[in-house]
Amino acid sequence: HVWETQVRQSCLPKKSEGLIVLVTGAAGFVGTHVSLALKKRGDGVLGIDNFNSYYEVSLKRARQELLEKQEIFIIEDDINNKELLKVLFDLIQFTHLMHLAAQAGVRYAMQNPGSYVHSNIAGFVTLLEACKDASPQPAIVWASSSSVYGLNSKVPFSESDRTDQPASLYAATKKAGEEIAHTYNHIYGLSITGLRFFTVYGPWGRPDMAYFSFTRDILKGKPISIFQGANKQDLARDFTYIDDVVKGCMASLDTAGKSTGSGGKKKGPAPLRIFNLGNTSPVTVPNLVSILEKYLKVKAKKNTIKMPRNGDVPFTHANVSLAHAQLGYNPTTNLDVGLKRFVKWYLSYHGLEPSLKSQRS
Ligand code: NAD
């Protein structure tokens, strides 16, 4: 393969005990940050991403550029490509799989349901099959979602709460992933850790998410739509800053156990874990907008409308005591601080603040 040298180079850890991690969705928001953090501490990292056009491909290319500067290589392909995965697992002894590729977004599922099944269900199974056949078997950490809590009304959300009422197809595919993880752990002894992320935000974030699209529209002077739930209740999210999530991902990889012998013949049961990675302090959408207005120095034009049945849930709120106890997870960035950093990045990335623009080049 033309990329063999680049793949080997990218996967080389700085120290012998360093991890060798295959990161799916590496050109995505979370994948970019996790890949950089791993490389920075000396682990070997290889990315895979299909650069789909769910949101601006140019942003994914810019993230790729950022990774390439740190000698992280991304293979441009689909996680459903079995032959490619076989070649990669034969070439490199990955200690871990960090699986972040997915079709994200709850509303888009009504337009393109097939892409959720393809990436979130079929894609996950294809990867698990490749991991089960690999020798050694890599330990797996993957992104589930707070959306599995669905229409649960008990707050805060704990891992043991019911997850049988998904409000969107996206949520249903993440829930399916959790069940599939159970099967592969049970039959093949794969070590699998699922992370339920809660509305992750920050620099290099996703343009389809409210904090990002609000920023874009406020700066353009376009009105923004703020949804309200039943009885004019404001929607609230447990916004979680990317650096806190990255720390949770790293701790999950470090505690997932190194690769196991193939065929599940190792001593003791392989771990099957699930953790909330949230911030524990939900903020309403109007409050999010006020913080953006403060840092953008522009007043938003707001339309407040009743929430349609589009897959959104009225609120999310994480209990992170399990992740705290087992991973040392301790989110420290509040929304004000995190959005200040996001706005700074946004302006710089779009060349809207000359003093910052020069730092990018
Ligand atoms: P993202 O869309 O920025 O990243 C996902 C990446 O995966 C994209 O670059 C996309 O091109 C790639 N991809 C999608 N399908 C693929 C396929 N079939 N083959 C190869 N590549 C594919 O999303 P993100 O915000 O970085 O999310 C990362 C993970 O975390 C996802 O699994 C997502 O569902 C989950 N998650 C994110 C949030 C959040 O708030 N950002 C919250 C809960 C869960």
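Helices α2 and α8 are oblique to each other, a class left over once angles under 35 degrees count as roughly parallel, over 145 as roughly antiparallel and 65 to 115 as roughly perpendicular. You are looking at a predicted model, in which local features need pLDDT of at least 70 and side-chain atom pairs count only at pLDDT 80 or more, while totals for chains, interfaces and linings use all residues. Residues are numbered from 1 along each chain as its sequence is written.

**Stop one: α2 and α8**

Select α2 (29–40) and α8 (residues 242–255). Helices (H or I, at least four residues) and strands (E, at least two) are DSSP runs, numbered from the N terminus. The angle here is about 60 degrees, with the axes 10 Å apart; axes are lines fitted to C-alpha atoms, for helices over the stretch in contact, and angles run from 0 to 180 degrees between N-to-C directions. Now show V30, H33, V34 and A37 of α2 with I242, V245, V246, C249 and M250 of α8, which make the contact (C-beta atoms, placed from the backbone, within 7 Å). By class, this contact has 8 nonpolar, 1 polar and no charged residues; Ala, Val, Leu, Ile, Met, Phe, Trp, Tyr, Cys and Pro count as nonpolar, Asp, Glu, Lys and Arg as charged, and the others, Gly among them, as polar.

**Stop two: the sheet**

Keep α2 in view: this helix lies across β1 (20–24), β2, β4 and β5, running at about 165 degrees to β2. Next, colour the open sheet of 7 strands, ordered β3-β2-β1-β4-β5-β6-β11 with parallel pairing (two strands pair if DSSP finds at least two bridges between them). At the edges sit β3 (73–76) and β11 (272–277), each pairing on one side only. Zoom in on β4 (residues 96–99), joined to β5 by 4 bridges, and find H96 opposite A139 in β5.

**Stop three: the ligand**

Which residues come nearest to the ligand? Of the 28 around it, they are G25, G28, F29, A102 and A143, where "near" puts the C-beta atom, placed from the backbone, within 6 Å. The largest share of this shell, 3 residues, comes from α2. The shell divides into 13 nonpolar, 11 polar and 4 charged residues.

**Last stop: α5 and α6**

Finally, select α5 (residues 113–133) and α6 (residues 169–188), which pack at about 15 degrees with axes 10 Å apart. That angle makes α5 roughly parallel to α6. Residues in this contact include Y116 and F124 of α5, and Y170 and I180 of α6.

Technical notes. Contact = placed C-beta atoms within 7 Å.
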